[in-house]
Every structure is written in C-alpha cells, then in structure tokens.
Amino acid sequence: MKLRIGLGSCGLAAGAQTVKDSLEAELLNQGIDIKVQPAGCVGMCHHEPLLDIIDDNGQIFTYGHIDEKNIKEIIEEHIVAGRPVEKHLVHSSRQPNDFLNGQLKIALRNCGIINPEVISDYMEQGGYKALEKALKQSPKDIIEEIKRSGLRGRGGAGFPTWFKWEAARNNPGEVKYVICNADEGDPGAFMDRSLLESDPHSILEGMAIAAYAIGASQGIIYCRAEYPLAIKRLETAINQAREKGLLGENIFNHNFSFDIRIKKGAGAFVCGEETALIASLEGERGMPRLKPPFPAESGYWGRPSNINNVETLANVPWIIANGGEAFAAHGSEKSKGTKVFALAGKIKNGGLIEVPMGLSLKEIIYQIGGGIKADRAFKAVQLGGPSGGCIPASLLDISVDYESITSTGAIMGSGGMVVMDDTTCMVDVARFFLDFTCKESCGKCVQCRIGTKRMLEILERICDGKGRAGDIELLEEIGQKVKEGSLCGLGQSAPNPVLTTIKYFRDEYEAHINDKTCPAKYCKALIEYRIDPEKCKGCNLCAKKCPVNCISGEKKQPYIIDQQRCIKCGNCLEVCPTKFSAVILEGGGGEA
Amino acid sequence: MNCCCQYKSREEIFSQDNIDLGLIKAVLEKYRGDKGNLITVLQEAQEVYGYLPLSVLKHIADVFELKPAQVYGVATFYTQFRLTPVGKYLILLCQGTACHVNGSERIETVLLEELKIKPGETTADGLFTLSNVACLGCCSLAPVMMINGQAYGPLTTDRAVKIIKDLKAREISEGGEPA
Ligand SMILES: Cc1cc2nc3c(=O)[nH]c(=O)nc-3n(C[C@H](O)[C@H](O)[C@H](O)COP(=O)(O)O)c2cc1C
Ligand code: FES
C-alpha cells in the first residue's frame, strides 16, 4: 500500500501540510509503517487537500477535503481494515469521476503522481529517456519530429514550435540560448505554476531537447517571483539533474553540453512578452522591442534565442518518446494534441485539466467542470485573460481550438478559463481588465499608454452610473486605434475584453448608460441594499455584521440601513437568515 | 503633478536615510560586473532591508557603474519592488480574475474598513500593509489572500476580518513590539 498527498500551492493553501503531519503522527501512533509520499497537483483543486491510497493491486482511491478529523476514520477503516470510506472518496480506479474521466494527460502526465523533488521518481516514469533518444538522432530529425506532431506554442499565440526552432538553428552563432517563459501573467491562470511544482524535470528535459535541436548550450528559466514553491522545486530539480550528469558537460557521453539557470521575474505582466522578457533578463525595464529582428535571430544579449512556454516544453519529451504522429493523433485539424486549462471562477469543479483540442466549451464546463456553482445561470467564459475575451452562452458549442476561439474575438491564450454567472457584470469585467492592462502597460507606445487610460475612464464612468450616449461607440473607436498603434501584443490585444463584451453584451452597456441600472446587480453606484420592514423581525444579525455600523433599529422591530453611510459590502444580505430574507438588493432595473 | 525631487538636490535625496550599506556587501560582491544581474541584486537587497531605501539604490548604482536614475527606473518599473517600509504583516490580497469574479472587491472593502487604510498603505501601528496583487496562483480557492507567505482561501468577508483580528490579538497577547 502506498499513500500520497498533494503538496502543490493549492493543496498547501488548503492545509495539506498540516494534514500530512497529523497523518504521519497518527500512523506512527498506530505502529503502521507506511511512508506518506508528497506529490504535486492532480488538478482537483476543488477537493483539496487530497489523499491517495494506492493498494497493492495498483488501485487508486482518492479522498478529498481531508482534515484532522476524517483522517483517523480513513486510517482505521481503509488502511487498517481495508474498507474504503465511500463518503469521503472523490475518485477511485473503480469509479472514476467525470472530472478526471474526460481528460487526456500528456503535458500533465506526471502531475500528482510522482514526487517532484525526487529525480528517480521522474526517471521511473521514463524521464530523460526522450533526451537520450534525441541525442541519438540529428537535430534536424528532432525538428522534423516536432513538425510532425503539429505542436504549437502554448504561451498564447500558437506559433508552430518547429518553425521557431528551425529559425534559431539556422541563425549562425557560437552561443545560443533556450529560454523557458514561466512568467504566467494571466491573472486567473495557474497551469504553468502547477506544472513547475508538480513535474519540474519534464521542463528541464524539454529544454535540453530544444537546446540540442537548435544548438544551444545555455538555458534560462524566467519564473515569476510570486511562485516561490515552483522556484524551489526547479532549483532542486536542476541540482539533481546536474548530479546525475543530465545537465552539464557531455550529456549521455554525447558531444552535447547544456546547463540551466533560473531568473526570477519581478512582477510585470508585460515581461511575459518575449522581447520584454529578454530586456528584463538583461537587467533593464521590461519594455518590448521592435520585431524583427526576432529573438531567434537576435535575442538575449543579441544572440539567437528560442523562447518557449512551460507547457510547450512539457510536451516535448512525450513527443520525442512517443513520436510526432502519436501527438498529432489527438486534437483537431489545425490544433494538434492537448491543451491544459485552469478552470476557475463560478465553476463547481475548479482546477487544472488537460483535454484534447477540439472538445466543445460546453463539454469542458459542464461535463468536466460540473457546471456552474450553486446551479446559477451561465453567462460567459473568459479565455485568454487580459488579451482575450468573453464568450457568451450562445457560443458554448464552439470547438476549443486556436482558429475557432479566435473567430469569436477572444483568443485561446495560455489556458485561463474563468467562468462567469448571472451575478457577474460584463461592463465591470471589461473595466477590471482595462484597469489591469492600463496599470501594466509599459508606457512605450502612446496608443497603449493613453488609449487604455481613456478607455478605463469611460468604463469607470459607465459603471458609476455616469455613462453618456455615444460612450459605446467611443470605446469601439479608441479600442481599434489602440490595437493598430501598439508595438507589442499587450496593446494589440488590450481592447479585446472590451470589444468582445460590447459585441455580445451590448444590452448590459446600454442598461448602465441609458437606464442607470446594472442588470447583474454588481456595480456599487447602481445598487442599494434595503431592509423590507414587512419581513424584518429585528434579529439584529445584520447590524452586528455591518462593518460601518450603518444599520440601526430596536430589537424585534424592523431595522433600517443608512444609505449615506452604507459601503455596500453585502454582509447584511449574506447574514440575514433565509427564513426572513428581509434584506433586498435593488438596482437591477425593473424588478424591486 | 508633483516633481519627485521636491526641489532637493540629488545627493540629498539619495542619502537621506540612515541605512547600513554594509549589509549588502556580499550580495554586491557576488553579482558585480554583470549589469544583467541588476534585478536579482535589487531582489536580494529588498530581502535584506524589507524595502529599497533610496541610499541603497544609489549605492547599487555606484557599484554597478550605472546612473542612479537607471537603477531607480528599474526599481519603479517592477511591482515587486517597494521604496517604502512595510508593516510586520504584508497582506497580499488577490485581485485576479477568478478572485474578482468571486467577490474579492467585497473582501477589500471590509479589510480596508477594518484596517482603516487605503490600498498600499500601512496601519499606524506598523502592523499591517495591504497590497492588491494579481493572482496568487490558487485561483480554485478564490477569493484568496496571502499574509507573510501563508495563503488563506476561500475567504468570506467574515473570515477575512477574523484572520486580521486574530493576528492583532496575538500581537497584543504576546506584547509584541509593533514593527
Ligand atoms: C503581454 C504579453 C504577455 C505574455 N505573457 C506570457 C506568459 O506569461 N507566458 C508565456 O508563456 N507567454 C506569454 N506571452 C507570449 C510570449 O510572447 C511568447 O509568444 C511565448 O512565450 C512563446 O512561447 P510558445 O511559442 O511556446 O508559446 C505573452 C505575450 C504578450 C504579448
Ligand atoms: S485569481 Fe486570485 S489566486 Fe488566481
């Protein structure tokens, strides 16, 4: 029997370390000699902390939401008596849950299975075999294999990987670089973090294969500083690989030398853009540079450099080991293989998933994701973060591949998928993203620097109930100019969240501007919390919970909210007992 | 718009604080000579001092043979760097997309009310600094905040306030010297 606990950032945040400690203490206590293996994240973040029990037949039983209380029961019933505790099980080999069933794991193949801090775990799964195999072929063959696989960059743009490698290979230079882009800037996405934390060696191996293919001897991982655990595990992995001779001089006794170092980002979204990333690596302000020359020609310190996203690189060893055709067998015509998505927002089963390209959004959200939290109405799903857009319910049948998603006005992006329900205001979402891009604009291009600011001001006044006739058209016009007049992808795509919400949710904009109402009842300036005197029984709960003490009344008499002082935090609505339901949220327009 | 120098001379601005520059001697030794390491040096200096005092920026500029303005430019470009001291507890409140959709603004409203500060500010007792950040990578636990490296989620307004109150109570019972 084996025990495994997920210790990714999400597991740790949910208390997995405490659970592991008490599990170990309890096992010791009972004189049971089984080691608890730490692992990365299997993606079922909504059930964290997770405990896997793997019996001697290899059957896996996954327990969710384990805590100090139910751990005892699981030990006594399952580990000692061999009777799985059904009520705490969230998944088992016998009864796979829908969340894992609909998935196909290539990039995430080892996540949650191996101990990311032990290199032999990775090697037992076939790790570094692909590198060994690659070194027996010519770099040209490797690039051909990647071409056959149809692999496209997972960092957002979807550029064919083989093409970039070939360009970097063909550009002459004594010193070339392979750079791994682990800056993961999309707020609301965590695919790369999870990969780095759960399977760091697959990234190192992918980088080594890329380096061999293009003729590079040095690798750099640019990782955001907000991911301390990922950085720690990468450092451990690099040291272990060096000790085993898998990094360093003459790898596998081949005339190939390669080493990797880590550079920590310092919190700037634009540094995910490859030329800005290079500027940052060189110790400068992360401002994008004009392309061409592309990094493949003149990158880090002016040398040919190849930049790939974490997930792109994680696919590489699998492709070399299993062949390009095996990868290309999955997915749609122009988008091959699988894609990892971070499902978040108003979704029941939030977490990390990997699915073949070409599945529909509906299948992902309803079958794998389990539908909308509290069974509310689906409104939109946001793809591509600040560069992407919101896709409405009417397009849920669309196939998830690069071309189809782009046709909606959104982009595939790096894999963030934030689900929104009827309580999400789409004008506010647009304002939220513009606030982000406006702050993150590096300031180099006038259109991006000032255009995003003006767009933000207009969106703010619409949310504030001060929108004017013509604002929608003005947003569209400025948006178009910002797209045309910006140097890098940040500005070129910053208007997307605004333009797609106008395209699909124009009525919400109009309600804000013309009727001064927020249909989702979200925008503070347009809503009011009131207490229905007929229903209020004067229980005093809301007054106690009001952070600004603006609710007053006599016990057993109806209470009143002082609208002047109300900060609209919504606490009163939350605490009012359902049997009274006396607090009403007004402002949606029409209904009271 | 205010001029950042407030009419003082450059020397005056960059040397006004009482800071022991010797604390980063080893860091500078390790990285000197390669200006590509500037960001790493700033990160390590911030770990030493808790923030980046202007005199430290000037010192780094001298050692790296760069203009102070260039180092200042880098330090102000990246959100990780702080030019002012922070409280004993640094609250990173996530305002990423997933947290926003799950009500992070409401959490912010009550936290600011509880702490009586604005975003980015530090409480008068020097205990808490609240900083809004974009995505801590635990989106499935949204809304999330992180206090000195420990993540908390999913938050409700109640739970968020309780966490702060507990920390305050702990400070008082331990008689901890406010930072
Ligand atoms: C504003 C902006 C932010 C970006 N952020 C990221 C990022 O966080 N991670 C990433 O891998 N690529 C990001 N990219 C894309 C990179 O520029 C680049 O295309 C990618 O790293 C190439 O790797 P790939 O071909 O493997 O996708 C960003 C692009 C732009 C314009
Ligand atoms: S959006 Fe808040 S943790 Fe990702």
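This is a predicted model: local features need pLDDT of at least 70, side-chain atom pairs count only at pLDDT 80 or more; totals for chains, interfaces and linings use all residues.
Residues are numbered from 1 along each chain as its sequence is written, chains are lettered from A and ligands numbered from 1 in the order in which they are written, and side-chain values use heavy atoms, with hydrogens and water left out.

H3 of chain B covers residues 38-49 and H5 of chain B covers residues 68-77. Their axes are 11 Å apart, at an angle of about 70 degrees. Axes are lines fitted to C-alpha atoms, for helices over the stretch in contact, and angles run from 0 to 180 degrees between N-to-C directions. H3(B) and H5(B) are therefore roughly perpendicular (65 to 115 degrees; under 35 is roughly parallel, over 145 roughly antiparallel, the rest oblique).

## Chain B overall

Chain B has eight helices and four strands. Both are DSSP runs numbered from the N terminus: helices are H or I with at least four residues, strands E with at least two. Along the sequence the pattern reads α-α-α-α-α-β-α-α-β-β-β-α. The C-alpha atoms fill a box of roughly 50 × 40 × 35 Å along the principal axes.

Chain B is assigned domain 1 (10-77) and domain 2 (89-175). Such bounds come from an automatic or database domain assignment. The C-alpha centres of these domains of chain B lie 30 Å apart.

## Chain A domains and helices

The assignment for chain A gives domain 1 (2-96), domain 2 (119-328), domain 3 (338-421), domain 4 (426-515) and domain 5 (527-586). The C-alpha centres of domain 4 and domain 5 of chain A are separated by 35 Å.

In chain A, helix H17 (residues 426-440) packs against helix H21 (residues 496-515). The angle is about 135 degrees and the axes are 8 Å apart. That makes H17(A) oblique to H21(A). The crossing of H17(A) past H21(A) is left-handed.

## Backbone exceptions

Most residues other than glycine have a negative phi, and most peptide bonds are trans. The bond from Glu48(A) to Pro49(A) is cis, with omega near -10 degrees. Pro49(A) sits in the loop between strands S2 (36-39) and S3 (51-54) of chain A. The bond from Ala142(B) to Pro143(B) is also cis, with omega near -10 degrees. Pro143(B) lies in the loop between strands S2 (128-133) and S3 (145-147) of chain B.

Lys516(A) has a positive phi, near 55 degrees. Its place is the loop between H21 and strand S15 (528-531) of chain A.

## The second largest pocket

The second largest pocket holds about 1,400 Å³ of space. A pocket is an open set of points on a 1 Å grid over the protein atoms alone, where a 1.4 Å probe fits, with protein on both sides within 12 Å along at least five of seven lines; lining residues have an atom within 4 Å of a point. Points are joined across faces, edges and corners, and the volume is the space filled by probe spheres set on them.

The lining has 49 residues, and those closest to the centre are Gly155(A), Gly156(A), Ala157(A), Glu273(A) and Glu274(A). Elements giving two or more residues are H8 (161-170), H12 (274-281), S9 (305-309) and H20 (489-493) of chain A. S9(A) gives the largest share, five residues. By class, the lining has 16 nonpolar, 22 polar and eleven charged residues (nonpolar: Ala, Val, Leu, Ile, Met, Phe, Trp, Tyr, Cys and Pro; charged: Asp, Glu, Lys and Arg; polar: the others, Gly among them).

Note on methods
A crossing is left-handed if the near helix is turned anticlockwise from the far one by less than a right angle, and right-handed if clockwise.
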